[in-house]
Amino acid sequence: MAKIKMSKKAASIDMTAMCDVAFLLLTFFILTATAKTPEPLPVETPASTVEVKLPETGLVTLTVGKSEGKDKVFFGMKDRDVREKTLELMGNMYKIKFTPEESAQFALIDEFGVPIQALKQIIAMKGAERNKAGLQPGIPMDSLDNQLKDWIYTARQANIELGKEKDLDFAIRGDAKQEYPKIKKIMDILQDQKINSFNLVTGTRGKNY
């Protein structure tokens with residue numbers, strides 16, 4: 001008896017569900033993503049194979065680079081509550097009164113590089129405006145006006161007064177083309193305040209010294 005041959009049909013897969021999932025994921029990523037704001041002092045950090053990550057909290061970053069041919073230092077703090085308390089202590093030290101609104105706005109600024117006498121003007125600006133290249137001249141750190149030393153000191157004091165159990169970590173983020181004496185000067189400022197352990201940032205990683 002002859003066998004009956006069944007006709008073969010091409011298999012088809014309904015992709016509707018997969019397309020729905022893809023569009024849902026795309027919508028989720030678009031809505032949750034945050035736009036990266038331009039850095040006020042962009043630097044090209046040296047390459048490294050070190051895989052030690054910097055802490056997500058309790059970190060102070062000192063960014064060193066050149067802008068318009070001038071060496072500049074910027075100061076940044078990870079924790080918003082430490083930023084607000086540090087501003088209060090610096091205001092007391094330099095006899096400058098910051099309003100609660102200015103303090104709240106300062107807590108949103110990741111990094112800055114101006115003398116404290118000009119900080120109110122920077123706080124009043126919008127993010128994109130304040131991060132324009134060349135706008136901020138850097139934090140003074142010479143022998144007659146070493147405000148960088150005071151920011152480091154008051155940040156540590158703020159951390160203590162807020163009841164943090166762990167002392168702040170410090171990281172130096174320098175441009176790969178930056179001359180060594182500038183970095184050495186910052187190291188000396190840290191060591192003068194008994195900060196002998198800090199990080200040198202390479203890319204998104206740090207090397208402990």
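**Entry 1: K95.** I started at K95, which counts as exposed because its relative accessibility is 73%, over the 50% cut-off. This is a predicted model, so I treat the angles here as computed values. K95 has a positive phi of about 60° even though it is not a glycine. I found K95 in the loop between α2 and α3, just after the end of α2.

**Entry 2: K194.** Next I looked up another lysine, K194, which also is not a glycine and has a positive phi of about 65°. K194 sits in the loop between α7 and β5 (199–202). With a relative accessible area of 69%, K194 is exposed.

**Entry 3: helix α2.** I checked its length: at 1.5 Å a residue, its 15 residues should span 21 Å, and the end C-alpha atoms are 21 Å apart, so the two agree. Which residues of α2 are buried? I noted V82, R83, K85, T86, L87, L89, M90 and G91. A handy reminder for reading such a list: an α-helix has 3.6 residues a turn, so residues three or four places apart point the same way. The cover over the buried residues of α2 includes β2, α3 (100–106), α4 and α6.

**Entry 4: the core.** I then turned to the largest nonpolar core, which has 37 residues. Which of its residues touch the most other members? They are F75, L119, L148 and W151. At least two core residues come from each of β1 (59–67), β2 (70–77), α2 (80–94), α4 (119–124), α6 (147–161), β4 (169–174) and α7 (180–192).

Entry 5: What makes up the nonpolar surface patch of about 410 Å²? I found V21, L25, F28 and F29 there. L25 belongs to helix α1 (residues 16–32). L25 is partly exposed because its relative accessibility is 44%, which falls between the 20% and 50% cut-offs.

**Entry 6: the whole chain.** To finish, I zoomed out. I counted seven helices and six strands, in the order α-β-β-α-α-β-α-α-α-β-α-β-β along the sequence. Of the 209 residues in the chain, 39% are buried. Among contacts with a separation of 6 or more, 65% join residues 24 or more positions apart. The chain exposes about 13,700 Å², and carbon and sulfur atoms supply 58% of that area.

Definitions and conventions:
Residues are numbered from 1 along each chain as its sequence is written. This is a predicted model: local features need pLDDT of at least 70, side-chain atom pairs count only at pLDDT 80 or more; totals for chains, interfaces and linings use all residues. Side-chain values use heavy atoms; hydrogens and water are left out. A nonpolar core is a set of buried Ala, Val, Leu, Ile, Met, Phe, Trp, Tyr and Cys residues joined through side-chain atoms within 4.5 Å. Buried means under 20% relative accessible area, exposed over 50%, partly exposed in between (1.4 Å probe, protein chains only). Helices (H or I, at least four residues) and strands (E, at least two) are DSSP runs, numbered from the N terminus. The expected span of a helix is 1.5 Å times one less than its number of residues. Contact means heavy atoms within 4.5 Å. Patches are made of residues with over 30% relative accessible area and no salt bridge: like charges are joined within 9 Å, nonpolar side chains (Val, Leu, Ile, Met, Phe, Trp, Tyr) within 5 Å. Accessible areas come from the Shrake-Rupley method with a 1.4 Å probe; for residues, only the protein chains shown count as cover. A salt bridge is a side-chain nitrogen of Lys or Arg within 4 Å of a carboxyl oxygen of Asp or Glu.
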